[in-house]
Amino acid sequence: MLVRTPGKWTWISPRRQLESHLFQLHKQSNLSQIKEIHAQILKAHLHLLDPSVPPKLISAYSLSLRPSLSLKVFTQTPHPKPSELYNNLIRACTHNSLHALAFSVFFEMQRDGVFPDDFTYTFLLKACHGQFALTQVDMINAHVVKFGFFGYIFVPNSFIDAYSKAGSGTITGVMNAKKVFDKMLHRDVVSWNSMLAGFVRAGEMKQARKLFDEMPERDTVSWNTLLDGYVKTGSMDEAFHLFEKMPQRNVVSWSTILSGYCKKGDMKMARKVFDIMPVKNMVSWTIILSGYAEKGLAKDALDLFNQMKKTGLEPDSATIVSTLMACAESGLLSLGEKIHDYITRSKLRYDTKVCNALVDMYAKCGSLDKSWQVFKGTPKRDIISWNSIINGFAMHGQGKKALDLFEQMIKGGLRPDRVTLVGVLCACTHMKLVDKARTYFKTMEREFGISPQIEHYGCMIDVLGRAGLLNKAFDLIRSMPFEPNVVIWGTLLGACRKHKNVLLAEIAAKELIKLEPSDAGHYAVLSNIYAEAGKWDGAAKARVDMKETGSQKQTGSSWIELDDDLHEFTVGDTTHPDSDRIWGMLDRVGLHLKQVGYALQR
């Protein structure tokens, strides 16, 4: 076969070319190329002659997100199969989130009499997922102890990581990880970093700092892990002190501290950090843009957006989506519209994720017509596209339109997910369609394979509560397979206030106070319910209890967008930079109202 090389043509035999492809096969992710190489392998019978070929094919199909083809290669490989083949299939399953299948392959390995090696267990640990993850890690631990693989340092390192993740960030998981760590005779920097990450993941920052100080050797990962922990717990003073002491900072270090100040809302400090960053990548720009958008600072965000383009960096879909999400959360419509203008002039207008973010942003900012127009113009709609528009219509009280779209989606052959059903139940809530909501709720598992989660129960409690069916709502709470959270009890308490049900209000308030004893708002709502029912003793007691919490009910606020900026106002607010002018105007309006015969109500 003739191959073009610089300045000449070179003859390469098909056999040599195939060998070259095989050498890199396990790193290949292009499906058509993998299939072409696979065909050549079958033709040359290499899958039978060379035991290293099937594992590489399994890895390649896994990288191309075709685990079914990985499994097909495995089943077509004759016995006896080497442990490497089982290992690669287990890794393929975990890479594609097929956790149960990974364990099935491991059990088949045992039935086939193939002994696992040290890699088998490290791959299998990544399949420990869900509510039984801790038990699964314990089971694998017993196997490893039995076969004596703890001598390989990467095995206990994997267990430290697996235990801390299996505990879902709880102290139970991280303490099991600490037991493994303490038993290790030899530790490397990975051992220390894994244990440090476990404490950070569990929010145990005192323990994390103690371990960090004891580390015999620290690398950039160690510093960044502790820095990330401080940022995630909102401890920005500690984060900044640590950042200053870092012997070396990379782009992750800078992005982490930048993200912390943005999340805190300290955009002045965030901008200082951003301006002195030695290297700015797309992640850094995305963080600062989203920070400005979340704070409602449209002018600053837009200036920065234009500045980024002048540097030669074109925003990618991740940057656009993150910024639009921030606009949606803050209600910053003007910036969202300007970004939309940019999108229409770029290739991103064909990107489904970008279109979905636009649909969501316009809906949450109250511009439902534009949301609908973007949805209709989305070239390839996925489930998120439908969820965004269905939830958008439901949110704005257009339940009929939301339910019609849901039926249209089902007829089109698209299967709903958990988010879809939340939108559908919300639509029923706004239309007071109690029976229809009950039907969807009762059949969602049978029809769509979706077991009701706590958010679906919350929607049903809202439906029943708004309809005045408070006892049924309470019965549903008691029958839930989950512990009711603040949202569940808060929804019932709100319905009790609307329908003046003092008895259930007392129960709901009591549960809310157990969950959030320092939140004065629950006492305030209960006091108002007592007052409306004429139970003044109860109202007075609730007010006394509220004062004893030492906290105040969170003040409600209003937002208004003016000249590309968001302005927030609360009752009696004097923090706004133009508060003197605002209060002066209110006084003049009040005086004018008195002159024309209106009396102000205090």
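Biologist: Which residues does Thr429 touch, leaving out those up to four places away in sequence?
Modeller: Thr429 touches Cys459, Asp462, Val463 and Arg466. Contact means heavy atoms within 4.5 Å. This is a predicted model, where local features need pLDDT of at least 70, side-chain atom pairs count only at pLDDT 80 or more, and totals for chains, interfaces and linings use all residues. Residues are numbered from 1 along each chain as its sequence is written, and side-chain values use heavy atoms, leaving out hydrogens and water.

Biologist: Why is Thr429 called buried?
Modeller: Its relative accessible area is 5%. Buried means under 20%, exposed over 50%, and partly exposed in between (1.4 Å probe, protein chains only). The 5% falls under 20%, so Thr429 is buried. Thr429 sits in helix α26, residues 418-431. Helices are DSSP runs of H or I with at least four residues, strands are runs of E with at least two, and both are numbered from the N terminus.

Biologist: What makes Leu65 exposed?
Modeller: Its relative accessibility is 53%. That is over 50%, so Leu65 counts as exposed. Leu65 lies in the loop between α4 (53-63) and α5. Its phi is near 60°, a positive value in a residue other than glycine.

Biologist: And how do you know that Lys500 is exposed?
Modeller: Lys500 has a relative accessible area of 53%. The cut-off is over 50%, so Lys500 is exposed. Lys500 is in the loop between α30 (486-499) and α31 (502-515). Its phi is positive, about 55°, although Lys500 is not a glycine.

Biologist: Why does Cys93 count as buried?
Modeller: Cys93 has 2% relative accessibility. That is under 20%, so Cys93 is buried. Cys128, at 14%, is under 20% too, so Cys128 is buried.

Biologist: Which members of the largest nonpolar core touch the most others?
Modeller: Ile140, Phe159, Leu258, Ile288, Ile320 and Met361, out of 165 residues. Helix α22 (residues 352-364) gives the largest share, eight residues. A nonpolar core is a set of buried Ala, Val, Leu, Ile, Met, Phe, Trp, Tyr and Cys residues joined through side-chain atoms within 4.5 Å. A second, separate core has five residues, among them Ile513 and Tyr523.

Biologist: What is Ile288 in contact with, beyond its neighbours within four places in sequence?
Modeller: Its contacts include Leu258, Met267, Phe274 and Leu304.

Biologist: Which peptide bond is cis, with omega near -5°?
Modeller: The one from His79 to Pro80. Pro80 is in the loop between α5 (67-76) and α6 (83-95).
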